[in-house]
Amino acid sequence: MARAAVLGRLTWRAADVVRVAPETARASTIVLDVPGWPGHRAGQHVDVRLTAEDGYQAQRSYSIASAPNGDRIELTVVRIEDGEVSPYLADELRGGDRLELRGPMGGYFVWEPADGGPLLLVAGGSGLAPLMAMVRLRAAAGADVDTRLLVSARDWDDVLYRDELQRLGGGGLTVVHTLTAS
Amino acid sequence: MAAPRVRHNLRPWDHPKHVATSPRRGCEAGGTGSEVAGHDPLAAFVRATGGGQMSSIISRGFHGRRADAPRDRVPPGQYVTRDFPVLSAGPTPHRSLDQWDLSIVGEVDEPRRWTWEELRALPTQEVTVDIHCVTKWSKLDTVWQGISVDTLLGEVRTSAQYVVQYSDGGYTTNLPLTAVTGGKAWVVFGYDGEPIAAEHGGPVRMLVPSRYLWKSAKWLRGLRLQANDEPGFWETNGYSNDADPWREQRYWGD
């Protein structure tokens with residue numbers, strides 16, 4: 001039975017914020033170093049936990065946007081204006097801060113080069129993040145798996161990773177954008 | 001511990017809308033005889049933050065928003081939403097009711113099967129419950145129309161200890177039978193007085209408010225009663241077998 005193969009409890013880890021870089025007007029990418037990070041598969045997510053001075057805590061789940069790369073992971077957070085957590089992560093957090101997270105979670109929606117293709121990836125808004133991990137892994141591994149990525153955003157300025165996607169296109173990767181507000 | 005509020009024998013299509021107006025406590029803590037039963041929300045809060053793990057890092061400049069999180073209604077790590085987010089592992093099945101039936105199979109004296117008309121002839125209840133998704137959102141005072149699982153199980157004889165819900169699309173999820181008996185689970189066909197939309201599991205889904213919502217299968221086609229526990233789809237993909245939100249059992253090992 002699968003539970004027999006269970007790893008230990010997914011414990012909370014301290015992560016060092018390397019930098020928080022604006023991605024679009026509404027989104028930022030948080031670059032984290034997580035000492036002891038066990039590694040992740042493209043498509044997995046982490047739970048992030050914030051703690052206020054009085055002990056109040058809030059948790060959210062975020063997909064990992066980066067390909068596996070040692071102890072380093074990247075999360076892309078789109079700010080929800082009246083949100084409790086995303087404005088903090090996108091606007092207040094900065095390099096030198098520490099975050100708590102646990103993961104990686106999710107063993108179902110994942111891709112590794114050995115899985116082959118072809119791949120049809122469809123994302124809206126911040127849903128691009130886990131697919132970006134796959135596209136980045138595909139590039140890093142030099143895989144030529146035939147891949148089509150359909151990206152839906154409100155407008156052109158809202159497209160995450162726009163320049164990088166342009167760079168990565170070709171060599172079997174086709175990126176198609178659809179803009180819903182124009 | 002307050003049980004979900006239930007109104008018996010309603011015919012929701014004759015009474016198009018019943019909306020809760022008075023405040024009530026959160027949904028029943030899961031499990032039987034669990035120490036969390038009649039939970040102390042603060043204790044749950046402490047359990048979630050302690051547990052022998054490292055002490056929490058204070059997030060500089062984070063204040064949070066306690067106002068929308070009444071502690072006795074919202075399990076640890078959850079936030080309240082007014083939306084109804086959708087998360088599915090595959091495509092949404094669209095099955096017409098004349099092609100639909102519900103079965104109880106497995107360790108029973110005689111398998112039982114209901115067509116839509118037969119199911120709708122059973123006594124209906126309306127329940128007002130809080131629901132909690134492992135992706136962190138909770139939705140309070142949701143109103144559903146359906147049939148108590150007790151009513152369905154009353155038509156079979158079984159010595160089974162476990163139940164596997166199975167659905168169109170191949171989804172499965174498992175629970176101890178005691179988690180779905182005693183007025184704790186429903187087979188529902190109405191949400192807020194309307195048929196359940198396909199993306200939310202219509203025409204018929206399970207409702208087990210004491211567990212994270214993946215334990216409430218969408219597009220339900222049957223219950224398989226078993227002598228042994230058999231982890232389902234998410235339970236074999238890293239998610240907790242027990243899934244009690246008040247104990248924050250999200251993942252393997254929680």
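**Entry 1: ground rules.** I noted that this is a predicted model, where local features need pLDDT of at least 70, side-chain atom pairs count only at pLDDT 80 or more, and totals for chains, interfaces and linings use all residues. Residues are numbered from 1 along each chain as its sequence is written, while chains are lettered from A and ligands numbered from 1 in the order in which they are written.

**Entry 2: a loop in chain B.** I began with B:Pro203, which sits in the loop between strand 10 (194-195) and strand 11 (205-207) of chain B. For my own reference, helices (H or I, at least four residues) and strands (E, at least two) are DSSP runs, numbered from the N terminus. The peptide bond joining B:Gly202 and B:Pro203 is cis, with omega about 15°.

Entry 3: A:Pro104 belongs to strand 6 (residues 98-105) of chain A. I wrote a reminder beside this: most residues other than glycine have a negative phi, and most peptide bonds are trans.

**Entry 4: positive phi.** A:Tyr161 is not a glycine, yet its phi is positive, about 55°. I located A:Tyr161 in the loop between strand 8 (147-153) and helix 3 (162-168) of chain A. Is A:Tyr161 buried or exposed? I call A:Tyr161 buried because 23 other C-beta atoms lie within 10 Å. The cut-offs are these: buried takes 20 or more other C-beta atoms within 10 Å of the residue's own, exposed takes 12 or fewer, and partly exposed is in between, with C-beta atoms placed from the backbone.

B:Asp141 also went on my list, with a positive phi near 55° in a residue other than glycine. B:Asp141 lies in strand 6 (residues 137-148) of chain B. With 16 other C-beta atoms within 10 Å, B:Asp141 is partly exposed.

**Entry 5: the core.** How many residues does the largest nonpolar core have? I read off 90, and those with the most contacts inside this core are A:Val77, A:Met132, A:Ala133, B:Trp186 and B:Val187. (Such a core is a set of buried Ala, Val, Leu, Ile, Met, Phe, Trp, Tyr and Cys residues joined through C-beta atoms within 7 Å.) Its largest share, eight residues, comes from helix 2 (residues 128-140) of chain A.

**Entry 6: strand 3 of chain A.** Six of the seven residues in strand 3 (residues 45-51) of chain A are buried. Strand 3 pairs with strand 4 (residues 57-63) of chain A, antiparallel, over seven bridges; pairing needs at least two bridges found by DSSP. A:His45 has A:Ser63 in strand 4 as its bridge partner. The hairpin of these strands has five residues between them, and A:Gly55 there takes a positive phi near 95°. Strand 3 also runs antiparallel to strand 6 of chain A, joined by four bridges, and A:Val48 stands opposite A:Leu101.

**Entry 7: a sheet in chain B.** Five strands form an open, mixed sheet in the order 4-3-12-7-8. Strand 4 (112-115) and strand 8 (172-176) are the edge strands, each pairing on one side only.
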